[in-house]
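Subject: Structure handover

Hi there,

Here is the structure I promised to pass on to you. Have a look at it first, and then read on for my notes.

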Amino acid sequence: MLRLDQSLMSQFANDQRIRMIILHYTAVSFTETINIFRQGQVSAHYLIPDPDASDYLECCAVNHSDSSENNKILQLVADDGRAWHAGESFWRGRTHLNDCSIGIEIVYIPGTAIKNDPPYTETQIQEVEALCRHLLQKYPIAPHNIVGHSDVSYDRKSDPGPQFPWQQLHEKGIGAWPERTKVKAKTALHSSLSSEQLKHLLIQHLVAYGYRAPVTADDEARLIWAFKSHFDPASLDQPLNAQTLAIAETLCEQYLS
Ligand SMILES: [Zn+2]
């Protein structure tokens, strides 16, 4: 039998389950994460430990494995199985995103306030890159379908947080990112808009891009926070500005056409 290669096969109609990658942080240690997963209420396909954390190193020592080898990524659920990581969620018209996604949990503990969030370790980000690259070779996942938990459940989640290096991943061919020159040009065009106009247009574009339409004012604020956390973290604690709208417009232009 003649088999086409993966990229060619993905062009034909199929019911491949996996369409998205959703990235998370655990907010607790490796040991606590494993304990939570053992209780059976939540799970993820992959877990990326902090390779320098003492509890992880102790676990490796007990199991006689070498933490410096290729065992930094743990697969807990097979790709074709359904892990329970997204909960109530929405992206581009779909709900129940556990059905169509791979969940990756990164062991990372945020600070007590956003400004105290530590950076992710370089080793963990390299592991995320390697894992995503592997998944992208196997499954037809569009760049704008690689998202954070906060993108798909913005009303209740803030992971993987503003320290997650989305731009760095995009530069390695993973996920969406707006082109800088387009953002600059569009920002200049919007400099005279009022903050109400900015907010109205921004939300319109975010809903077009894939976010769930907000219902309340609180919802709107959380949606804007989630978007900034992913694509414009430098402006997280600032009032809404023209650049954030320009980023949303550029993403729609680049990925929805
Ligand atoms: Zn999460």
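Let me start with Ser229: at 2% relative accessibility, under the 20% cut-off, Ser229 counts as buried. Please keep in mind throughout that this is a predicted model. Ser229 belongs to helix α9, which covers residues 217-231. Beyond its neighbours within four places in sequence, Ser229 is in contact with Gly161, Pro162, Trp166 and Leu236.

**Helix packing**

Since we are already in α9, its partners come next. Two packed helices are described by the angle between their axes and the distance between the axes.

Helix α8 (residues 195-209) packs on α9 at an angle of about 70°, and their axes are 11 Å apart. That angle makes α8 roughly perpendicular to α9. The crossing of α8 past α9 is left-handed. On the α8 side, the residues that meet α9 are Lys199, Leu202, Ile203, Leu206 and Tyr209; on the α9 side they are Glu220, Leu223, Ile224, Phe227 and Phe231.

α9 also packs with α10, at an angle of about 75° and with the axes 11 Å apart. The two are therefore roughly perpendicular to each other, because angles of 65 to 115 degrees count as such. Here Phe227, Lys228 and Phe231 of α9 meet Thr244, Ile247, Ala248 and Leu251 of α10. You will notice Phe227 and Phe231 among the α9 residues that meet α8 and again among those that meet α10.

Helix α10 (residues 242-256) has another partner in helix α7 (residues 180-189): they pack at an angle of about 130°, with 8 Å between their axes. α7 and α10 are therefore oblique to each other, and α7 passes α10 in a right-handed crossing. From α7, the residues involved are Lys182, Val183, Lys186 and Thr187. They meet a set in α10 that includes Ala242, Ala246, Ile247, Thr250 and Gln254.

The histidine pair links distant parts of the chain: His24 sits in strand β1 (residues 20-25) and His149 in helix α5 (residues 149-152), 125 residues apart. Both His24 and His149 are buried.

Most residues other than glycine have a negative phi, and most peptide bonds are trans. A few places here are worth checking against that.

- Pro160 is located in the loop between α5 and α6 (166-171).
- Ala27 is not a glycine, yet its phi is positive, at about 70°. You will find Ala27 in the loop between β1 and α2, and at 35% relative accessibility it counts as partly exposed.
- Arg92 also has a positive phi, near 50°. Its place is the loop between β4 (90-91) and β5 (94-95), where its 41% relative accessibility makes it partly exposed.

Is Ile102 buried or exposed? With a relative accessibility of 0%, Ile102 counts as buried. Ile102 is part of strand β6 (residues 101-106). Its contacts, leaving out residues up to four places away in sequence, include Ile18, Met20, Ile22, Tyr46, His85 and Leu135. Leu135 is 33 residues from Ile102 in sequence, while their C-alpha atoms are 8.9 Å apart in space.

Finally, Ser43 lies in the loop between α2 (30-38) and β2 (46-48). At 18% relative accessibility, Ser43 counts as buried, because the cut-off is 20%. The side chain of Ser43 reaches the backbone nitrogen of Trp84 at 2.9 Å. Trp84 is also among the residues that Ser43 touches, along with Phe37, Val77, Ala83 and His85, when residues up to four places away in sequence are not counted. His85 is therefore a name to look for in both places, since it is in the contact list of Ser43 and in that of Ile102.

Happy browsing, and do write back with any questions!

Best wishes

Definitions and conventions: Residues numbered from 1 in each chain as written. Predicted model: local features only at pLDDT ≥ 70, side-chain atom pairs only at ≥ 80, totals over all residues. Heavy atoms only, no water. Helix = DSSP H or I, 4+ residues; strand = E, 2+ residues; numbered from the N terminus. Buried < 20%, exposed > 50% of the residue type's maximum accessible area, 1.4 Å probe, protein only. Polar contact = N/O pair within 3.5 Å; in protein donor to acceptor, adjacent residues only side chain to side chain. Contact = heavy atoms within 4.5 Å. Axes fitted to C-alpha atoms, helices over the stretch in contact; angles between N-to-C directions. Parallel < 35°, antiparallel > 145°, perpendicular 65-115°, else oblique. Left-handed = near helix turned anticlockwise from the far one by under 90°.
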